[in-house]
Amino acid sequence: MNIERIRQQFPIFSLASASNSVFLDSAAGTQMCKRALEASVEAAIENNANLGGHFSTSVIAEKAIGQARCAAAALVNAHCAEEIVFGQNMTTLTFHLSRCLGRSLGKGDEIVLTQSDHEANISPWLELAKDLELKIRWLPFDPLTYGFSTADMESIITERTKVVALSYANNVTGTINDVAAVAALAKRKGAMVYVDAVQFAPHGVIDVQTLGCDFLVCSSHKLHGPHHAILWGRLALLERLMPYKPRPTADKPPYKFETGSKSREAIAGILGTIDHLAWIGREFGACGEQTGKRQQIVAGMHAIVEYEQRLVQSALEGLSSFKGVHIHGYRTSHERERRVPTVSFTLESTPSEMISRHMAEQGIRLWHGHHFSPQTVRALGIDEHDGVARISLAQYTSEDDVHRFLSVMDDLVRIMP
Ligand SMILES: Cc1ncc(COP(=O)(O)O)c(C=O)c1O
């Protein structure tokens, strides 16, 4: 993958104000690609109308939403576009869907959550459990292996389990969870599986058919698009569920889940960002114009993963060489397929807040804290208030970005006690 050509696709890098900045904050939010920005602006200027009308702007706006749904279906390998629901963000979609599922749950039913998930895939289920007197069972996170144990899963997922909610990739350690194994076990016990793919989506090929889950959600703003999110659900389930909605809203999926006016600008931007991934497949993957969108996206993701894995390895090696730095996640090259390029670390005797402040002063953008996963941070034996410093690489991160970060770390390590 040619990094210069990738960076040309991101208008931020042509701004003078960003010329001296290094963006290592993609796990919190990625920069938007040109195609997403252009599609959003076009929708706002040229096709700004309510849906369902006979006049041209309405017809075009409706068509653009249909195209975005097809593109999102190709992104996750859905059976059809009707399995795609758009919403404000992953958190809101998860609150929404959990309420819908709650309509068929009752006292004593169980929900399995993991101790290593982002709160967006924990709090909605906890609130539901409180309202309906459901039982929550926790899948413990093992800070030594950065994952779950199969033995724990066998005993925690039972015949009473109705939903298992877990993340595809952890936003602190970067661990990629074995979703297919958890889903297979949950299916044997008759439970539904809800997957938070927010952190995995920018760094891997999603295939809901091979995962065997029932719902999967990801955020477009972590995927180089606008602030919006995509929920995939099995059509049979979406048909059965009864969402909370205004009475005149259509009764069919996906429309019945998309209450109120849709953000047409954001949905158009999602089409732009998926087109961008397909473009990478055509330009840098083994994939031509003639192939379908799914193949182009898959080829694009493979090119991205290969590039990012190499880069994160040099970041990990550089960080490991500093005295007093602790990396909280997989760090060796033979483990690299088990992680996304998000690396959390602490520096002995140095608050993480000081690391992010010092980095910001040098033009390096990264986050510190618990990253909305306080349980993971606590399980790692770290005070959740200061938390960990976190770098997250993206398709637009250059080798020079990583070198600059390591060189500032080098200075920091020297000046700290
Ligand atoms: C793993 C994970 N899940 C969910 C979310 C929440 O996503 P959203 O901002 O779309 O609500 C985040 C945000 O950082 C995340 O990292």
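Predicted model: local features only at pLDDT ≥ 70, side-chain atom pairs only at ≥ 80, totals over all residues.
## Strand β13 and its setting

G369 stands opposite V388 in β13.

**Strand β13.** The strand covers residues 388-392. Five of its five residues are buried, so here the term needs its cut-off: under 20% relative accessible area. V388, R390 and S392 point one way from β13. A389 and I391 point the other way. Both sets are buried.

**Partners.** β10 and β13 run antiparallel. β12 also pairs with β13 in the antiparallel sense. The pairings are set out below.

| Partner of β13 | Residues | Bridges | Facing residues |
|---|---|---|---|
| β12 | 367-369 | three | G369 and V388 |

**Whole protein.** The protein holds 14 helices and 13 strands. Its C-alpha trace spans about 65 × 50 × 35 Å along the principal axes. Buried residues make up 58% of the 417. Of contacts between residues at least 6 apart in sequence, 69% join residues at least 24 apart.

**Surface and charge.** The accessible surface comes to about 17,300 Å². Carbon and sulfur atoms account for 51% of that surface. There are 41 positive and 46 negative side chains. The centres of the two sets lie 5 Å apart.

Technical notes. Residues numbered from 1 in each chain as written. Heavy atoms only, no water. Helix = DSSP H or I, 4+ residues; strand = E, 2+ residues; numbered from the N terminus. Buried < 20%, exposed > 50% of the residue type's maximum accessible area, 1.4 Å probe, protein only. Contact = heavy atoms within 4.5 Å. Areas by Shrake-Rupley, 256 points an atom, 1.4 Å probe, with all protein chains shown as cover. Lys, Arg positive; Asp, Glu negative; His and termini not counted. Charge placed at Lys NZ, Arg CZ, Asp CG, Glu CD. Pairing = 2+ DSSP bridges.
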